[in-house]
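Subject: Structure handover

Hello,

Here is the structure I promised to pass on to you. Please have it open while you read the notes below.

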Amino acid sequence: MVEELEITDPQERFQNFLKTEEYRQRLSQMAMGGRTSLTVNFEDILGFDQQLAEELLDKPDEYLKHANNAAYAQLQIEDPEYAEKAETVDVRIVKLLEPAPLRKLGSGQIGKLVMVEGIVVRSSPVRPMVMRAAFKCKRCATITPVNQTGLFLRAPFVCSDPNCRSKGPYEFVQEDSIFIDSQDLRIQERPEDLPPGQLPRTLGIKIVGKEIVDIARPGDHISAVGPVRAMPPTLPGVGKLRTFNLHLDANSIEVLGKEPETAMPSPEEEEQILDLAKDPWVHRKIIGSIAPSIYGYDHVKEAIMYILFGGVPKTLPDIAIRGEMNVLLIGDPGTAKSQLLQYVARIAPRGLYTSGRGTTAAGLTAAVIREKGGGMSLEAGALVLADKGIACIDEMDKMRPEDRVAIHEAMEQHTVSVAKGGIVATLNARTAILAAANPTLGRYEAHRTVAENISLPVTILSRFDLIFVLRDVPNKESDSKMSAHILELHRKGSSPIEPPISVDLLRKYISYAKSVRPVLTQDALKRLNDFYLAMRAASETEGSPVAITARQLESLVRTAEARARAALRKEVLAEDAEAAVAIMKRSLEEVGIDLSSYKIDIDIIMTGKSKSMRDRLQTILGTMLELEKDTGMAEKAALEAELEEKYQISRSETNRLLSQLLREGTIYEPREGYLKKT
Ligand SMILES: Nc1ncnc2c1ncn2[C@@H]1O[C@H](COP(=O)(O)OP(=O)(O)OP(=O)(O)O)[C@@H](O)[C@H]1O
Ligand SMILES: [Mg+2]
Ligand SMILES: [Zn+2]
C-alpha cells in the first residue's frame with residue numbers, strides 16, 4: 001500500500017518541502033539580510049504536498065510550529081553558522097488561494113488559517129510585548145522567569161527557590177525579561193468590496209515579531225495571513241462577556257499594490273475596452289454614460305470624465321506635481337449635485353462619498369484616538385482611505401471652518417499629517433476631490449463674485465482645477481425638456497437615455513486606463529502654450545487684471561492628459577489640449593469674471609478679490625485714512641458721502657466693501673458709526 005510508505009511526521013514533510021531548490025536558496029540567503037523569517041508561498045506547499053497544505057489551514061497553531069522547526073532544521077544544514085546565531089526561524093505563509101471576505105468571517109473560522117484583505121484604518125505604535133518575564137522575589141532575591149502567553153502579565157505562582165517558595169511579593173525585572181515588538185492594526189473592507197448602503201466591516205489584527213510590525217500604515221491595502229482568534233471582551237469588575245470578538249493573529253502581512261485593484265478584464269472585455277478606445281466618439285460616449293438619468297450638465301459630466309481618468313503625476317527629484325484633479329460644483333439647491341457625487345463615488349475605483357455636514361477634520365484626514373486599553377492609535381480618515389481614488393465631499397460649505405483647514409494639506413501636498421499623543425505620522429492622500437457646495441445666500445447671485453457667493457476660503461478655492469456653477473434659473477425651453485426627462489424617468493423606472501457604455505464596462509475601462517501614461521506631444525504643448533501666453537498678454541497692459549497663472553497651466557496639462565487617457569492614448573494630442581482649453585475657459589467664464597470690467601480675473605479665485613475691487617478697496621482705505629487724520633476715526637456717513645461724491649462709488653457698494661474689510665479684520669468699528677484701520 002502506498003499510504004504506508006508515506007511519511008507522516010509533519011515536521012519531516014515540511015522539511016522535505018523546504019529541500020526544494022527554491023526554498024534551499026531562500027534559506028541560505030537569510031543570513032544576508034540578517035532575517036529570522038522565511039516567507040513561504042502557500043501555493044508552493046499545495047503543489048508539493050496537498051494534504052500538508054490542507055492540514056496547515058485546518059490546524060495552523062500546530063502546523064506552523066512544525067514548519068518553524070523544519071525551517072530551523074533545514075537552516076542548520078544550509079547555513080549552520082547563521083542557524084546558531086538566529087536561534088529560531090519563523091515561517092511566514094503568504095498568498096492563500098482566496099481571501100476570506102471580512103463579511104463572512106465567523107465562528108466557523110475560529111482557529112483556522114485564513115487570508116484577509118482590507119484597508120488599514122487604524123494602527124497602534126509599535127510596542128514591546130514581554131514574552132518571558134523575570135520576577136525577583138522580594139524575600140530572597142531569586143529571579144523566576146515566567147513565559148507569557150495570555151493578555152495579562154502573569155507572575156510566578158511560587159518563588160522558584162526551593163528554600164523560599166513564598167508567594168511573593170515580586171518585582172518585575174525589565175533587564176532580564178525578553179521582549180518582542182508588537183502592534184495592533186484594524187482593517188476595514190475595501191470601499192470597492194462594500195455592498196451599497198452597508199456599513200463597512202472591520203477586523204483587528206495582532207502583530208507580533210520585529211519583521212512584521214510597522215510594515216503597514218493607515219490607508220495601506222494589505223493582505224494578512226494568520227489564524228482567526230476569538231476573545232471575550234472583559235468588563236472591568238464584572239468579568240468576561242459571552243460574545244467573543246474576532247481578530248487575526250498575523251503570521252504574515254503584505255502591503256498590496258497601491259493601485260485600486262478591480263478584477264482584471266476577461267479577454268472579451270479587454271477586446272471591448274480596446275474597441276471602445278478606437279471609437280472616434282469615445283469621449284462623447286463616456287460623457288453620455290456618466291449619470292445618464294441626470295439631464296443636461298454636459299460640461300460638468302465632461303469634467304467628471306477628466307477627474308475619473310486623472311492626469312499623470314510627476315515625481316521629479318526636487319518636487320512632486322499631483323496628477324489627480326479637483327473639481328468644485330457650486331450650485332443652487334436641487335440641481336442634482338448630491339446625485340452626481342454619489343454616482344461618481346459608486347463608479348470610481350476607490351471612490352468615497354462623504355457629506356461635509358457632520359464630517360470632522362479627523363474623519364476626513366486622520367486622527368489619534370485613545371484606545372480602551374489606554375494606548376493611542378492612528379486612525380485614517382476619508383481622504384486617506386480614498387488614496388489614489390476619488391473623494392466626493394458634498395456640502396463642503398457646511399463643514400466647520402476648523403475642520404476644513406485639514407483639507408488644505410491634502411489638496412496641496414497630497415499627504416495628511418498628524419502629531420498628537422506621541423504619534424507623529426504622515427499618510428498618503430493622493431486623492432482627487434469632487435466637492436459640492438451651496439451658495440452662501442441660498443442661491444447663486446450672478447452679480448457677485450464667486451468668493452462672495454460661497455463661504456469657502458480662497459486658499460481652498462484656488463486648489464480646484466475646475467469650478468462650475470449650477471444655477472437653477474427658470475427657462476421655458478430647458479425646463480420643459482428637463483421636466484419631460486424626469487417624468488419619463490419616473491414613468492419607466494429607468495433612465496430615458498440608454499447609456500452607450502454599461503456601468504460595469506465603464507468601471508473596468510477606467511481601471512484599465514490608469515496604466516496608460518500619456519505624454520504631451522509638441523502640438524499639444526504648443527496649443528497650451530499659445531493659450532497661456534495669449535491670456536497673459538491680455539493682462540500686460542497696465543492696470544489689467546491677471547487672467548491666468550501657472551497654476552491654471554498645470555490644470556490644463558492634467559485635463560489634457562486625462563482626456564488622452566480616456567481614449568487610452570499614450571500621446572496627448574492637439575485636440576486634447578483644445579478640449580482642455582475649452583473647458584478651462586468655460587470654468588473661468590463662470591467664476592473668474594470681474595463683473596465690472598467683464599474680463600477674466602484669476603485673482604477672484606486666487607485672492608477672492610478682483611482687480612477693480614482691489615482698486616476700489618484701495619480708494620476706500622485711502623479716503624478713510626484721510627478722514628482719520630482729524631479725529632483718529634472715520635465717521636461712516638462722511639466716508640460714504642465722500643466716496644460717492646469724489647469717486648462715484650455708490651453707497652451700497654461702499655457698504656458691501658466695508659463689510660468685507662470688517663470681516664477680514666482690515667478695519668474695525670471702535671464705536672457705532674465710526675471706523676478705524678487696524
Ligand atoms: N438635471 C437633472 N436631471 C434629473 N434629475 C434632476 C436634475 N436636477 C435635479 N434633479 C433631481 O432633483 C433632486 C434633487 O437633487 P439633489 O439632491 O442631488 O440636489 P442638490 O444639488 O444636492 O441639492 P442641495 O444643494 O439642496 O443639496 C434629485 O432627485 C434629482 O434627481
Ligand atoms: Mg445635496
Ligand atoms: Zn523567594
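What follows is a short tour, from the whole chain to single residues.

First, some ground rules. This is a predicted model, in which local features need pLDDT of at least 70 and side-chain atom pairs count only at pLDDT 80 or more, while totals for chains, interfaces and linings use all residues. Residues are numbered from 1 along each chain as its sequence is written, chains are lettered from A and ligands numbered from 1 in the order in which they are written, and side-chain values use heavy atoms, with hydrogens and water left out.

The whole chain

Of the 678 residues, 47% are buried, where buried means under 20% relative accessible area, exposed over 50%, and partly exposed in between (1.4 Å probe, protein chains only).

The zinc site

Which residues hold the zinc ion (ligand 3)? The protein donors are Cys137, Cys140, Cys159 and Cys164, each through SG, lying 2.3 Å from the ion. Donors here are N, O and S atoms within 2.8 Å of the metal (3.2 Å for Na, K and Ca), and sites may look incomplete because water is not among the atoms. The angles among the four donor atoms run from 101 to 113°, and the site is tetrahedral; for four donors, that label asks for all angles between 85 and 135 degrees. Along the sequence, the donor residues follow the spacing C-x2-C-x18-C-x4-C. Cysteine 159 counts as buried because its relative accessible area is 0%, whereas cysteine 164, at 23%, is partly exposed.

In the loop between strand E4 (127-137) and strand E5 (143-147) you will find alanine 141. Its phi is near 70°, a positive value in a residue other than glycine. Most residues other than glycine have a negative phi. Alanine 141 is partly exposed, at 43% relative accessibility.

Around ligand 1

Ligand 1 is surrounded by 15 residues, and the closest are Tyr295, Gly334, Lys337, Ser338 and Asn438; a residue belongs here if one of its heavy atoms lies within 4 Å. By class, this shell has seven nonpolar, six polar and two charged residues. (Ala, Val, Leu, Ile, Met, Phe, Trp, Tyr, Cys and Pro count as nonpolar, Asp, Glu, Lys and Arg as charged, and the others, Gly among them, as polar.) Helix H11 (337-347) and helix H17 (476-492) each supply at least two residues of the shell, and H11 gives the largest share, three residues.

An oxygen atom of ligand 1 lies 2.6 Å from an N or O atom in the side chain of serine 338. A polar backbone atom of threonine 335 is 3.0 Å from an oxygen atom of the ligand.

Another polar pair

Serine 555 sits in helix H20 (residues 550-566) and is buried, at 3% relative accessible area. Its side chain makes a polar contact of 2.7 Å with the side chain of aspartate 465. Such a contact is a pair of N or O atoms within 3.5 Å; within protein, one must be able to donate a hydrogen and the other to accept it, and residues adjacent in sequence count only if both atoms are side-chain atoms.

Best wishes

Conventions
Tetrahedral: all angles 85-135°; square planar, octahedral: opposite > 155°, others 65-115°. Helix = DSSP H or I, 4+ residues; strand = E, 2+ residues; numbered from the N terminus.
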